[in-house]
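Good morning, everyone. Please look at the screen while I walk you through one protein chain.

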Amino acid sequence: ASIKVDVEQVSISSNLNTVFKAFDFSRANGLIAYAAANLVAVLDPNHFDGKHPKVLFTLKRHAQRVNSVAWLGENLLLSVSADKSIVLWEAQGDVRHFASWSVKHHLKNAHGQAINYLTSLSLGSPTEEGAQPEIYVSTMCAGGTFKLWELDGGVNEGKGGLKESGMLMFGKNLQEAMALTQLSKRHLLVVIGGYDSKIHCYTCLRRGLRGEKAEEGASLLKFQFSLTGHANSIKDFAFTAPSLRFEDENLQFLASCSQDKYVRLWRIQPLANVQNQ
């Protein structure tokens with residue numbers, strides 16, 4: 001005789017991968033995404049399953065360990081993995097429901113080796129009020145290759161994906177920290193640091209200001225200078241949050257932390273400001 005069995009989900013739990021920046025919190029939707037084995041787990045910190053916050057669901061597409069995740073908006077999530085790939089996830093509907101999520105873009109062999117580091121930046125359009133935000137992503141692999149990407153096709157258009165805008169090769173001079181910020185209305189500032197204890201600074205012209213002369217496939221990253229001061233490997237960066245900017249919108253700070261046990265604070269402002277003081 002056949003037996004009818006009802007299956008009900010009681011709870012989901014998974015361990016956090018022991019890698020740097022394995023989780024990210026979204027202020028837009030209040031959810032936490034984190035790397036768990038080859039999965040991306042989405043957790044609601046305000047929804048408790050007994051004594052612990054509840055994992056709502058997990059997303060699976062990577063073949064190997066997920067090394068970093070980043071929210072790009074309320075319904076967009078990015079993950080990188082040791083399988084050399086980048087996955088862009090998108091929710092159509094309620095972000096708290098597993099059925100709403102699907103893969104928008106799976107970029108295989110995005111790097112030649114395992115992708116270990118990921119960071120992102122979202123900016124309003126520099127030329128058009130109310131336009132879709134510009135989203136930039138940077139990734140770094142174990143082989144010392146840095147890449148800058150742009151989200152092509154807008155955030156909510158249901159098409160497009162990641163487009164490479166620049167690449168840097170550091171080789172055995174491994175870099176493991178990076179950050180992006182808006183330097184001016186026209187340029188991004190990219191900082192990269194690692195084993196050589198220097199902060200390498202690059203600029204990149206924003207997407208909406210390049211014009212038709214920008215060469216397809218040409219790197220948009222321009223080296224400016226390297227900052228010295230730390231005595232050991234640099235581990236992380238943090239720029240002034242946009243909500244904490246000062247009356248002078250061009251003034252901001254960069255914090256860098258190192259294995260030398262120091263945190264250094266760097267002041268960033270246009271040269272004209274310094275000359276007028």
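Which residue forms a salt bridge with lysine 21? The partner is aspartate 236, and the closest N and O atoms are 3.0 Å apart. A salt bridge here is a side-chain nitrogen of Lys or Arg within 4 Å of a carboxyl oxygen of Asp or Glu. This pair links distant parts of the chain. Aspartate 236 is in strand 17, residues 234-239, while lysine 21 is in the segment before strand 1, 215 residues apart.

A word on the source. This is a predicted model, where local features need pLDDT of at least 70, side-chain atom pairs count only at pLDDT 80 or more, and totals for chains, interfaces and linings use all residues. Residues are numbered from 1 along each chain as its sequence is written, and side-chain values use heavy atoms, with hydrogens and water left out.

Back to that pair. Aspartate 236 is buried, at 18% relative accessible area. Lysine 21 is partly exposed, at 33%. Buried means under 20% relative accessible area, exposed means over 50%, and partly exposed is in between, using a 1.4 Å probe and protein chains only.

The whole structure has 6 salt bridges. Another joins glutamate 90 to lysine 104, with the closest N and O atoms 3.9 Å apart. Glutamate 90 lies in strand 7 (residues 86-91) and lysine 104 in strand 8 (residues 101-107), so this pair ties together parts 14 residues apart in sequence. Glutamate 90 is buried at 5%. Lysine 104 is buried too, at 16%.

Next, glutamate 176 and lysine 235. Their closest N and O atoms are 2.7 Å apart. Glutamate 176 sits in strand 13 (residues 175-182) and lysine 235 in strand 17, so parts 59 residues apart in sequence are tied together. Glutamate 176 is buried at 11%, and lysine 235 is partly exposed at 29%.

Now the overall count. The chain has 1 helix and 19 strands. Helices (H or I, at least four residues) and strands (E, at least two) are DSSP runs, numbered from the N terminus. Of the 277 residues, 45% are buried.

Strand 1 and strand 2 (residues 32-36) are joined by 3 bridges. Two strands pair if DSSP finds at least two bridges between them. In strand 2, alanine 33 is the bridge partner of aspartate 24.

Last stop: two buried residues. Isoleucine 115 lies in strand 9, residues 115-123. Its relative accessibility is 0%, so it counts as buried. Its contacts beyond four places in sequence include Asn67, Val80, Ile86, Thr139 and Met140. Contact means heavy atoms within 4.5 Å. Threonine 145 is in strand 11, residues 145-152. Threonine 145 is buried at 10%. Among the residues it touches, beyond four places in sequence, are His111, Thr139, Met140 and Leu168.

That's my tour. Questions, please.
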